[in-house]
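This briefing is meant to be read beside the sequence and the coordinates.

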Amino acid sequence: MPASDTTPAITAQHLVRRFGDFTAVNDVSFTVQKGEIFGFLGPNGSGKTTVIKMLTGLLPLSGGDASVQGIDVRKDPETVRENIGYMSQNFSLYSDLTVEENLTFYGRIYGLDERNLRRRIDDIVQLNGLGPYYKRLSAQLSGGWKQRLALGCAMLHEPKLIFLDEPTAGIDPVARRQLWDLLFDLSAHGITFFVTTHYMDEAERCSHVAYIYFGKVIADGTPDDLRQLPEVNPPGTYRVEISAPHVTQALRAARTIRGIRSATIFGQSIHALIDDNLDLGHLREQLEQQTIHVAEIRPLAPSLEDVFVELTFRHQALQAKEPAVAPEAPHA
Amino acid sequence: MLNPFRGFGAVFYKETLHVRRDFATLFFSLIIPILQMFLLGYGIDTNIRQINTVVYNADGRRESRELLDRLRNSDTFHIYRYVNNDHDLNDAIVSGKCRVGIKIPVDYSDKLIHQMPAQVLVLIDGSDSSVAGQAINVSTAIGLDESLRRVLASTDSAFAVNMRPKILFNPDSRSPNFFLPGLTAVLLLNVTTFLTAFSIVREKERGTLEQLFVTPVRPMGLLLGKLLPYLGIGFFELLMIVTAMRFLFRVPIHGNVFLLAFLSLPYIFVSLSLGILISSKATSQAHAMQLAFLTILPSIFFSGYIFPRETMPKFFYVISYFVPATYFINITRGIILRGAGLVHLWADALALFTMGSLLLIIAARRFHDKVITA
């Protein structure tokens with residue numbers, strides 16, 4: 001069935017994947033609209049890569065349904081693969097082949113004829129700025145350039161949906177920034193991205209994020225939606241950032257103060273969730289009573305990291321109450 | 001609509017590049033079999049000659065010396081040392097210096113002169129069965145011949161039956177003629193099974209296999225694309241081996257060289273497929289290497305290359321039918337030594353081709369099941 005413009009790029013409904021008696025993916029549902037940059041987040045071993053493998057038809061589904069670009073993954077994984085690009089964590093390039101040869105190989109795999117192949121390679125080389133390295137062995141490229149080449153290989157056949165599995169793991173900050181600029185560029189041209197990442201600043205850049213924790217999606221929405229979730233902003237509380245020179249001591253002190261519901265260190269400051277009736281002046285007073293020097297206290301909107309930390313705690317508390325259905329061993 | 005060989009051209013292109021980039025590996029895998037061929041071709045003589053022999057001649061007269069001359073002239077025995085007592089005779093064998101000990105008793109000549117049966121003791125070291133067998137045969141034959149001559153001389157008549165053996169192929173029993181055609185099968189493994197054994201596991205280690213799975217490439221396209229460049233290399237190696245065999249070792253080729261080249265293709269194909277299957281099973285390149293080594297010994301010992309298949313125990317005889325080298329050695333010896341044609345050898349070629357296809361299909365099925373996850 002041809003995908004019309006309103007068909008979502010990905011619909012996942014109640015995806016389940018078991019390995020023996022371990023459930024790696026447990027009832028995962030989400031929808032990715034066309035043109036979105038969908039950030040799929042979660043700790044290591046939470047099932048991110050497994051979900052990608054299921055959506056690309058590499059792993060059969062133990063349960064649920066998935067359609068990618070309007071194509072049923074269960075029925076026609078081959079056609080799904082024709083219509084997507086995929087870039088894996090380790091960039092998957094042939095190090096003894098040149099930039100040109102890597103591109104040519106992937107182009108031919110997707111069955112581009114010679115004329116189309118040349119045209120697409122020219123386009124990609126121009127877009128990704130690979131020109132100066134065209135005849136160089138990919139082993140000699142730096143991490144950032146390898147990643148650009150890998151992305152180029154993944155989009156030679158003009159897929160409308162590209163999966164990027166931790167695209168920025170192990171590359172320098174400048175290259176990371178440049179990659180995201182490139183993704184925004186491409187996204188403006190209507191390409192949908194499915195990106196997994198550990199970096200919260202990258203999550204903030206996505207137009208849609210989902211957070212998976214031990215096989216279950218525990219948050220799904222735009223970053224703004226998530227920041228406003230009632231679970232993250234319980235009624236009668238607000239968030240503050242406490243800047244203090246000795247953060248760890250300050251944290252210990254803060255945890256003793258009545259009215260502070262939770263507190264975590266973020267770099268050189270503490271993010272705390274506190275009751276409405278504890279005002280900022282009072283809080284500073286109490287901290288200073290414990291000989292903590294406080295530089296600044298100011299109200300703060302929750303960051304995505306706050307959101308995920310909060311949701312993870314709630315989820316753990318929930319699971320501790322009800323007996324676990326399946327043993328939740330970390331997925332190797 | 002689904003093309004089962006999808007991606008073949010792309011993979012073929014890429015593999016050729018890999019081979020070209022890694023020229024050192026290719027060079028060594030081509031040259032090592034040739035070196036081995038020189039070592040084995042010059043170093044090994046399958047004919048048993050000049051067995052070290054210790055002699056205790058207690059008699060010492062003319063008759064006993066004549067007997068020793070006959071033993072020496074047989075080319076089987078080389079008299080290494082004379083001793084003067086039983087103990088030294090025994091000692092020379094136990095110490096491994098000599099394989100055969102001959103004791104001629106003190107009354108040997110007396111008994112012959114008086115037309116009584118004389119006895120000669122032949123001690124044989126049985127630790128190498130083929131040496132022992134040869135020593136028994138030749139010493140018995142000499143004894144028999146000696147007796148007959150004496151009997152016939154006294155009655156003045158001729159041999160009643162005169163056996164005239166004629167060896168049809170390889171008449172002078174040159175070792176290289178027999179040895180090298182079989183060796184070809186073993187040497188080829190070096191550029192076939194060994195090279196492809198790395199091909200897939202290397203991609204597994206690099207993580208590129210995972211990437212390939214997300215493309216529309218089909219298992220058969222992938223496997224054949226990987227296999228075919230090496231078919232060319234294997235074929236080139238075969239031509240090198242056959243050339244060296246013909247012109248350096250002077251092994252005459254009685255049959256059609258082109259038929260030999262043509263019928264080597266199914267053998268190279270099956271060896272490559274075996275490598276591919278190993279590669280799909282192995283978890284690391286070191287693992288693949290070990291599995292590849294496993295294929296060598298059966299190719300040497302169960303193929304009839306060294307030991308005739310007919311003398312194997314039933315069980316191993318049956319096993320030898322599953323060893324590809326069995327068929328190829330039949331083909332090489334058939335064409336090179338006996339001048340056999342396609343009429344005689346088509347079944348061997350067909351068996352090889354079938355085996356190769358089966359192995360490849362099994363390997364491809366492993367990809368279908370996606371057992372191979374990084």
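Glu158(A) is partly exposed, because 13 other C-beta atoms lie within 10 Å, and the residue is found in the loop between α5 (143-155) and β7 of chain A. The model is a predicted one, and in it Glu158(A) takes a positive phi of about 50° although it is not a glycine. Most residues other than glycine have a negative phi.

**Loop residues with positive phi**

- Gln115(B) likewise is not a glycine and has a positive phi, here of about 55°.
- The position of Gln115(B) is in the loop of chain B that lies between α5 (108-113) and β4 (121-124).
- Gln115(B) counts as exposed, since it has 10 C-beta neighbours inside 10 Å, whereas Glu158(A), with 13 other C-beta atoms within that distance, is partly exposed.

- Strand β6 (residues 84-87) of chain A runs parallel to β7(A) and is joined to it by four bridges, with Tyr86(A) standing opposite Phe163(A).
- Strand β8 (residues 192-197) of chain A also runs parallel to β7(A), to which five bridges join it, and in β8(A) the bridge partner of Asp165(A) is Thr196(A).

**Nonpolar cores**

- In soluble globular proteins, nonpolar side chains tend to be buried together.
- The largest nonpolar core has 141 residues, and those that touch the most other members are Leu55(A), Val68(A), Ile162(A), Phe193(A), Phe194(A) and Leu223(B).
- Helix α11 (residues 257-281) of chain B supplies the largest share of this core, eleven residues.
- A second, separate core of 16 residues includes Val55(B), Ile102(B), Ile104(B) and Ala135(B).
- Once its neighbours within four places in sequence are left aside, Phe194(A) is in contact with Ile10(A), Val32(A), Phe38(A), Phe40(A), Leu161(A), Phe163(A) and Leu164(A).

- Ala263(A) has its place in strand β12 (residues 260-266) of chain A and is partly exposed, because 19 other C-beta atoms lie within 10 Å, while the cut-off for a buried residue is 20 or more.
- Leaving aside its neighbours within four places in sequence, Ala263(A) is in contact with Leu251(A), Ala254(A), Arg255(A), Ile270(A) and Ala272(A).
- The C-alpha atoms of Ala263(A) and Ile242(A) are separated by 9.7 Å, the two residues being 21 residues apart along the chain.

**Overall form and domains of chain B**

- Chain B has 16 helices and four strands, and its radius of gyration is 28 Å, well over the 21 Å that the globule rule gives for 374 residues, so chain B is more spread out than a compact globule.
- Taken along the principal axes, the box filled by the C-alpha atoms of chain B is roughly 95 × 45 × 40 Å.
- Chain B is divided into domain 1 (8-44 + 173-368) and domain 2 (51-155), whose C-alpha centres lie 48 Å apart.
- Of the 374 residues of chain B, 39% count as buried.
- Among contacts in chain B with a separation of 6 or more, 80% are accounted for by residues 24 or more positions apart.

**Contact between the chains**

- On the side of chain B, 20 residues are in contact with 18 residues of chain A.
- At least two residues of that side are supplied by each of α1 (8-21) and α9 (208-213) of chain B, and α1(B) gives the largest share, seven residues.
- The residues of the side of chain B that touches chain A divide into eight nonpolar, seven polar and five charged.

Definitions and conventions. Residues numbered from 1 in each chain as written. Chains lettered and ligands numbered in written order. Predicted model: local features only at pLDDT ≥ 70, side-chain atom pairs only at ≥ 80, totals over all residues. Rg over C-alpha atoms; globule rule 2.2 N^0.38 Å. Buried ≥ 20, exposed ≤ 12 C-beta atoms within 10 Å, placed from the backbone. Contact = placed C-beta atoms within 7 Å. Nonpolar A, V, L, I, M, F, W, Y, C, P; charged D, E, K, R; others polar. Core = buried A, V, L, I, M, F, W, Y, C linked by C-beta atoms within 7 Å. Pairing = 2+ DSSP bridges. Domains from an automatic or database assignment.
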